[in-house]
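The sequence and the structure are shown here for reference.

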Amino acid sequence: MLSERGIQIIEKLIENNRTPITSKTLAFYMGVSERSVKTYMKEVSDFCREHGMILERKPGIGFVADFTDDQIEKVNDFKRDQKIVMSKKQRMSYIMYILLSGWDTYTLSLFSEELNVSKKMIGDDINAISKELKKYGIKINRVAGHGVFITGDEFSIRKAMRSCCSYAIGSKEIRKTYDYRMSAAEAELWINNFGQDNFEKAIEVIHKVEESFGVAYTDYSFRMLAEYLSIQLFRTRMGNVITEKLSPGYKAVSNPQLIELVVECFNCLGKVSLNDYEKQYIDILFASAAVQMNDNQFRTITVRGYQKKNKMICEEMLKYLSEILNVDLTENELLRTSMESFLPASLIRTTYGIEVSNPFLGDIREMYSGIFATCFTLSKFYEEYCNAIPTDHEISFIALFLGGALHRNVKSVKAVLIGTSGIAAANIVARKIESRIDNVKIVAILSSQKIDSIDNYEFDMILSMLPNFEYQQKVVHISPIVSKKDEKHIKDACFEALSHPTLEKADFADMIDVEHTMLVKEKTDRDSLLKSVCSQLYSEGYVKGGFYEDVLNRENIESTAIGNGVAIPHGSPGNVIKPKIFVIKLEYPVNWGGKMVSIIFLLALNFNNIATTKAFFSDFSRMVGSKEKLQKINRLDNAQSIEDTLKKELHWK
């Protein structure tokens, strides 16, 4: 017998049959820790052994399944025969799918009977769903004798379907991929939820557009179009059409010929009613999709009339980031080109609430967590030009561009290497470092006897093979083999050397203090925690009365969890009276928009003040990008130690 988690692992192993898959990948897919994956793998291994199925664990590579077609078919039969109790997330997804699909005859009793749980549990689920749908302007109604149903505008319902219906309702299994830019699992989800004919017509339409206009959509844009177009056909063929202008400021942004081509293809499917508002919807979807092409083609196919404005916004963003990171990014042509290609569709997506998924979001949060945190400040540009807050997926794309640009920065970091096994061996280590890390230039190699002469050299950092040597917080300890871990530490130090500005921080350090550092040793939740600390800031005159509501609204729109167990909730500059950072360390991590968080920095900062933003994020981005530094903070058990350690790690002492 397999648990629900065990079945999820088996499904992923089948999907990757004969291809290695790591416990980290399985953990990301299942939304659990790697430790939990290892626990469930025991029952999966036992199951495979009992059924003669080959499953090997290869150290450093991952798990490799070698299942036959007959064995896979038997697993599928097992899944169909076994009654699985749904998790809370699955139940909520099912209920939301039913309500968003337009059913108005479901009662609590019917949901209870179908999902095999109590009416009270269904009631609790619907209360939670109500909060989730509220941010889309959708209301859940309960009428005695009639049932549970929703009310809301059609455009919002479609956006909610895309975000909330994350589990397949049907049971059709899909093993082929319809396009290299999407997985069979994604196709299976959309086919089961929105219908195979709708999905296949959506794919056909995208291919037709690409063929007719000589373009190719990016992988994330292709998946976005496939899902939203499937939802559009699903809704319109049931008679649910958009009946009003999508926004007061709407104006045509795509190629009219493209829209007519899509309409013509859709009409062939039957039972499709596409009025002018539905054409506006198509217009926005395709304008929200980025394409891989040269600049001239880009203008003809997507965002007409936005290029001049886009270049201006791109320039503003690059100047702003250059100020914060103390690196001139305005001359980086590759970064500029990437940003100018990305921003038009990104701004339109943010304006209209169209979402794309960055499949590398988790990796970006982990690899570029500091840069990701810094890029959060770009929200002010989106708010100015879109009147909306960008998703973390939008921010993650910019963080990816920026991270690559910083690692490619041509400015050299000067380093002194201190060896332990003689100059000859140290020379080998030096060449190894320079060949692997482009930014580093070794300006001197010193033996342990020559350390006293180190001040004779101009350098940005010290690479020391002596484990106990320290010098003005500029030392990176490495091993003679220069391991992958050593490389990461050197690259982190390069980023610090390249972007660390010289600022006057005497007053800035006052923004973190022991009175505004809190250790929470009991279980809590996000909202009550934020309410408590925001109330304290308000009573002490740091923020205005609307600060808490502002912070909470932002969290409900888009989580500020940035990875590595850190969240940076913040409100708008207009609600900040005096800058302050409230630090909270939790004994029990809390769910923060789908991510588990144990360290919170509540930021009462004015991001419009470039000096404040620069001072904070130039240091903060490096600290939250280091798991070692965060682990050090997590081990502390009193507020004074946390304050002292933070100021030391942020270089504010």
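## Nonpolar cores

A nonpolar core is taken here as a set of buried Ala, Val, Leu, Ile, Met, Phe, Trp, Tyr and Cys residues joined through side-chain atoms within 4.5 Å. In this predicted model, the largest such core holds 133 residues, of which Leu 100, Leu 133, Tyr 217, Phe 286 and Phe 601 touch the most other members. Helix 11 gives the most to this core, contributing 10 residues.

Leaving aside residues up to four places away in sequence, Leu 133 is in contact with Met 96, Leu 100, Ile 138, Ile 140, Ile 150, Ala 160 and Cys 164. A second core of 24 residues is separate, and Cys 534, Leu 552, Ala 561 and Leu 586 are among its members.

## Helix 11

Helix 11 covers residues 219-236, and 17 of its 18 residues are buried. At 1.5 Å a residue the helix should span 26 Å, which agrees with the 26 Å that separates its end C-alpha atoms.

## The open sheet and its helices

Five strands form an open sheet in the order 9-12-13-11-10, with mixed pairing. Strand 9 (517-520) and strand 10 (561-563) are the edge strands, each with a single partner, so one side of each has no neighbour in the sheet. Strand 10 pairs with strand 11 (residues 566-567) in the antiparallel sense over 2 bridges, and Val 566 in strand 11 is the bridge partner of Gly 563.

Helix 23 (residues 526-539) packs on this sheet, where it touches strand 9, strand 12 (580-592) and strand 13 (595-604), and its direction makes about 165° with that of strand 12. Helix 27 (residues 639-649) also packs on the sheet, touching strand 9, strand 12 and strand 13, with its direction at about 125° to that of strand 9.

Key: Residues numbered from 1 in each chain as written. Predicted model: local features only at pLDDT ≥ 70, side-chain atom pairs only at ≥ 80, totals over all residues. Heavy atoms only, no water. Pairing = 2+ DSSP bridges. Helix = DSSP H or I, 4+ residues; strand = E, 2+ residues; numbered from the N terminus. Contact = heavy atoms within 4.5 Å. Axes fitted to C-alpha atoms, helices over the stretch in contact; angles between N-to-C directions. Expected span 1.5 Å × (residues − 1). Buried < 20%, exposed > 50% of the residue type's maximum accessible area, 1.4 Å probe, protein only.
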